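Me: I have a structure open and want to go through it piece by piece. Can you take my questions as they come?

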Amino acid sequence: MKDQIAIAVIGVSKEYGSSGGSKRKRKESTALLALENISLQVPAGQFLSLIGPSGCGKTTLLKCIDGLLPISAGEIRVNGTPIDGPGRDRAVVFQDFRLLPWRTVLGNIVFPLESVAGTKAEREAIAREHIELVGLRGFEDRYPHQLSGGMQQRVGIARALATNPEILLMDEPFGALDAQTREVLQIELMRIWKKTGKTVVFVTHSVDEALVLSQRVVILSGRPGQIVQDVEVPFGDDAGPDEVRADPRFPELRQRIWHGLRVPATDGAEVVARSR
Ligand SMILES: Nc1ncnc2c1ncn2[C@@H]1O[C@H](COP(=O)(O)OP(=O)(O)OP(=O)(O)O)[C@@H](O)[C@H]1O
């Protein structure tokens, strides 16, 4: 299982505004090359972070892997099979949680299970297991507006995991949270990742967050996004945020990633990233 390739991105490019209409019309329209010739293999169970300047195509790549967005060139395979749309083997966690406001915590987590076979009692039992996993026992009957941002994102993570996808795609999941909540959820996510063994692709703007969480950091250039560096993170899966930051190798790695982020965009886009 460990050496199996969960996600293979093979020579993928993505151009927005390039489908439909005549060739001349497409050229005249505002076609935009977001990703260019991305190739990436993610072994099963790996925690990989994608980092890059704003607008470099991180979300686009995540959506392409999810199958939500058609690609313009190349191929994406999940467990060796080319994808042609979203599938139950993948789930996404969004920055803005995207919970159903009229449903309780339990109702939100049950929701994706409703299209899956099983009785109501079975679905609720699975949802309760995941409520427990993300530390929300006792909050089953609360509505999203009654929860803090951090708690809402715990629901988002539980909902994504409830259908037992093999791959978790996380699009800046902690970007909307304050620094303290963010760190608490980073620790929680590490615990959940180790317990579930999911393959995780995690988009972030934060170099520190990428280093604290991941086994590997892939750096994209400014638009069109291309892979400029692929960095193995050596701190080990059991190192918490404080230990990672205290590691003598941390400053050098951090510097190396920052350097990678300074590769100028071919279209002159601004290079932006956050240190935390
Ligand atoms: N639906 C769309 N139609 C046209 N262009 C789009 C669309 N979605 C994204 N883009 C453009 O594609 C480029 C990549 O966008 P994307 O959101 O993937 O970048 P990102 O790296 O995730 O950005 P950020 O870090 O700011 O969230 C940007 O220039 C964006 O304006």
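**Working through the chain**

Reply: Of the 276 residues of the protein chain, 38% count as buried. A residue is buried if 20 or more other C-beta atoms lie within 10 Å of its own, exposed if 12 or fewer, and partly exposed in between, with C-beta atoms placed from the backbone. This is a predicted model, where local features need pLDDT of at least 70 and side-chain atom pairs count only at pLDDT 80 or more, while totals for chains, interfaces and linings use all residues. Residues are numbered from 1 along each chain as its sequence is written.

Me: How many helices and strands does the protein chain have?

Reply: Nine helices and 10 strands. Both are DSSP runs numbered from the N terminus: helices are H or I with at least four residues, strands are E with at least two.

Me: What share of the contacts join residues at least 24 apart?

Reply: The share is 73%, taken among contacts between residues at least 6 apart in sequence. Two residues are in contact if their C-beta atoms, placed from the backbone, lie within 7 Å.

Me: Next, the sheets. What is the strand order in the sheet of six?

Reply: The order is β6-β7-β8-β3-β9-β10, in an open sheet with mixed pairing. At the edges stand β6 and β10 (227–232), each with a single partner strand, so one side of each has no neighbour in the sheet. Neighbouring strands here are turned by 15° against each other on average, direction ignored. Two strands pair if DSSP finds at least two bridges between them.

Me: What do strands pair through?

Reply: Strands of a sheet pair through backbone hydrogen bonds, either parallel or antiparallel.

Me: Why is β3 called largely enclosed?

Reply: Because five of the five residues of β3 (residues 47–51) are buried. F47, S49 and I51 point one way from the strand, L48 and L50 the other way, and all are buried.

Me: Which way does β3 run against β8, parallel or antiparallel?

Reply: Parallel, with five bridges joining β3 to β8 (residues 199–204). In β8, V200 is the bridge partner of F47, and V203 stands opposite L50.

Me: And how many bridges are there between β3 and β9?

Reply: Four, again in the parallel sense, with β9 covering residues 216–220. R216 in β9 stands opposite L48.

Me: What about the sheet of four strands, what order does that have?

Reply: β2-β1-β4-β5, an open sheet with antiparallel pairing. Its edge strands are β2 (32–43) and β5 (81–82), each pairing on one side only. Inside it, five bridges join β1 (residues 5–16) to β4 (residues 73–78), and A8 stands opposite R77 in β4.

Me: Which helix packs on that sheet?

Reply: Helix α2 (residues 58–66), which touches β1, β2 and β4. The direction of α2 makes about 120° with that of β1; axes are lines fitted to C-alpha atoms, for helices over the stretch in contact, and angles run from 0 to 180 degrees between N-to-C directions.

Me: Changing topic: how many residues surround the ligand?

Reply: There are 14, and the closest are Y16, S54, K58, T59 and T60. A residue is near a molecule or strand if its C-beta atom, placed from the backbone, lies within 6 Å of it. The largest share of the shell, three residues, comes from α2.

Me: What classes are in the shell?

Reply: Four nonpolar, eight polar and two charged residues. Ala, Val, Leu, Ile, Met, Phe, Trp, Tyr, Cys and Pro count as nonpolar, Asp, Glu, Lys and Arg as charged, and the others, Gly among them, as polar.

Me: Now α5. Is it mostly covered or mostly open?

Reply: Mostly covered: 12 of the 14 residues of α5 are buried. What covers them includes β6 (90–93), α3 (105–110), α4 (120–133), β7 (167–171) and α6 (179–196). N164 follows α5 and has a positive phi, near 55°.

Me: How far does α5 reach?

Reply: Helix α5 (residues 149–162) reaches 20 Å from its first C-alpha to its last, close to the 20 Å expected at 1.5 Å a residue. The expected span is 1.5 Å times one less than the number of residues.

Me: Last one, P144. Where does it lie?

Reply: In the loop between α4 and α5. P144 counts as partly exposed because it has 19 C-beta neighbours inside 10 Å. Leaving aside neighbours within four places in sequence, P144 is in contact with L99, P101 and Q152.
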